[in-house]
Amino acid sequence: MTNSGMLGEKNMKESLLVLKGFSESLAHSGMSCIRAVGTSALREARNAQDFTDTVFRETGIRIEVISGMREAELTLRGAMMGMKAEGGSLIIDIGGGSTEWIISQSGSPQSSLYGSLPLGVVALCEKFVTGDPPSHEEISALSAEINARLHALRQKLAERAVPLTRVVGTGGSLTTLASMDLGLDTYNHEKVHRHPVSLHRLYALRERLFSLPSRARQAITGLEPERADLIIPGILLTIRWMELFEAVKLW
C-alpha cells in the first residue's frame, strides 16, 4: 500500500481464505444476517473494489467500506460494552493504516469527540523501519512523524479540554503489548482484555525491543513473530498517546 497504493496479491488471497472460513462457520451456525466492514486499507487502495467484488462472489459476504469517523464510533461502542462509563475516557484504536481516537465522558456517541489519523503501524513500519535493528536515525524519523501528528491534535483539543480518568486501547498492537506484559506463551484474550499496562512498563519494553534484531524480537514471549517489526511503531505510538494525555496506565 505504501509504495503502490494497491492491495497486494498475496495479502488479498490470504484475506480471502480467512473470509471463506468465516463464511463456512456462519453458514453452519445458521446466521442469516452478516455485517462486514472494511477500514483504512480498503478506503485507500485503488483496487479495493476488485477485492470486495471477489469476496462477495466467492463467499457471499458483502463488505461495507466505512469512514474513519464511523470506525471511531463503532470502536467506542465496542469498548464501552466491556466497561462502565465513569468519567472521561480516551479510547485509541491503533490499526495498520490509521489510528482512530475517541474522547468520551459518558460512553455516548452523541457526546463524544471522534477522529482518525493516518498513523498505522504497517504504513509507518514500511516507511521508516528498514534497519535490523532499526537505527537511531530511523527511530528519530518515526518519532518525529508521530509527534507532529499527535501534537497537532493535542493543540486542537486543548480548547475543548475533557478531564480524563483513563486511557483505553484496542487493536493488535495494544493487545500484543498486554500479552507481552503478561508473558503469555499462548495468546489468551480473556487475560488480555482490560489488563492494565503502566507507562513505566512500556518504557522498559521499548528499550528492549529497540535493542534487538528482528529474529530476537520474534522470540520474545507474548509477541507474535509476525508482529516483530510492527511492534516498533506500535509501542512508540502508544507511549506518545499516553505522554501527551498524561496517562500513567493503559487499559
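A residue counts as buried when its relative accessible area is under 20%. By that cut-off, strand β4, residues 99-104, is mostly covered, with 6 of its 6 residues buried. This is a predicted model. The protein holds 11 helices and 8 strands.

**Overall build**
- The protein has 251 residues, and a compact globule of that length would have a radius of gyration near 18 Å. The model has 19 Å, so the two agree.
- The C-alpha trace spans about 50 × 45 × 35 Å along its principal axes.
- Buried residues make up 43% of the 251.
- Contacts with a separation of 6 or more were considered, and 70% of them link residues 24 or more positions apart.

**Surface and charge**
- The accessible surface of the protein is about 13,500 Å². Carbon and sulfur atoms account for 52% of that surface.
- There are 27 positive and 28 negative charges in the protein. Their mean positions lie 4 Å apart.

- T99, W101 and I103 point one way from β4.
- E100, I102 and S104 point the other way.
- Residues on both sides are buried, including the acidic E100.

**Strand β4: its partners**
- On one pairing, β4 meets strand β3, residues 88-94, in the antiparallel sense over 6 bridges.
- A hairpin through 4 residues joins β3 to β4.
- D93 stands opposite E100 of β4.
- β4 also pairs with strand β5, residues 113-117. That pairing is antiparallel too, with 5 bridges.
- In β5, S116 is the bridge partner of E100. L113 in β5 is the bridge partner of I103.
- E100 therefore has D93 opposite it and S116 as its bridge partner in β5, and E100 is buried under the 20% cut-off.
- Strand β5 is mostly covered as well, with 4 of its 5 residues buried.

**A228: a covered loop residue**
- A228 sits in the loop between α10, residues 214-218, and α11, residues 231-244.
- Its relative accessible area is 1%, so A228 is buried.
- Leaving out residues up to four places away in sequence, A228 touches S214, R217, Q218 and L223.
- Helix α10 covers residues 214-218, and the contacts of A228 include S214, R217 and Q218.
- A228 and W101 are 127 residues apart along the chain. Their C-alpha atoms are separated by 24 Å.
- W101 belongs to the β4 set that also holds T99 and I103.

**S23: a helix residue just inside the cut-off**
- S23 is found in helix α1, residues 9-29.
- The relative accessibility of S23 is 19%. The cut-off for buried is under 20%, so S23 counts as buried.
- S23 touches T59 and I61, again leaving out residues up to four places away in sequence.

**Points to take to the structure**
- For β4, look at E100, with D93 opposite and S116 as its partner in β5.
- For the loop between α10 and α11, look at A228 and its contacts, among them L223.
- For helix α1, look at S23 and its contacts T59 and I61.

Notes: Residues are numbered from 1 along each chain as its sequence is written. This is a predicted model: local features need pLDDT of at least 70, side-chain atom pairs count only at pLDDT 80 or more; totals for chains, interfaces and linings use all residues. Side-chain values use heavy atoms; hydrogens and water are left out. Helices (H or I, at least four residues) and strands (E, at least two) are DSSP runs, numbered from the N terminus. The radius of gyration is taken over C-alpha atoms; the globule rule is 2.2 Å times the number of residues to the power 0.38. Buried means under 20% relative accessible area, exposed over 50%, partly exposed in between (1.4 Å probe, protein chains only). Contact means heavy atoms within 4.5 Å. Accessible areas come from the Shrake-Rupley method with a 1.4 Å probe; for residues, only the protein chains shown count as cover. The place of a charge is taken as NZ of Lys, CZ of Arg, CG of Asp or CD of Glu. Two strands pair if DSSP finds at least two bridges between them.
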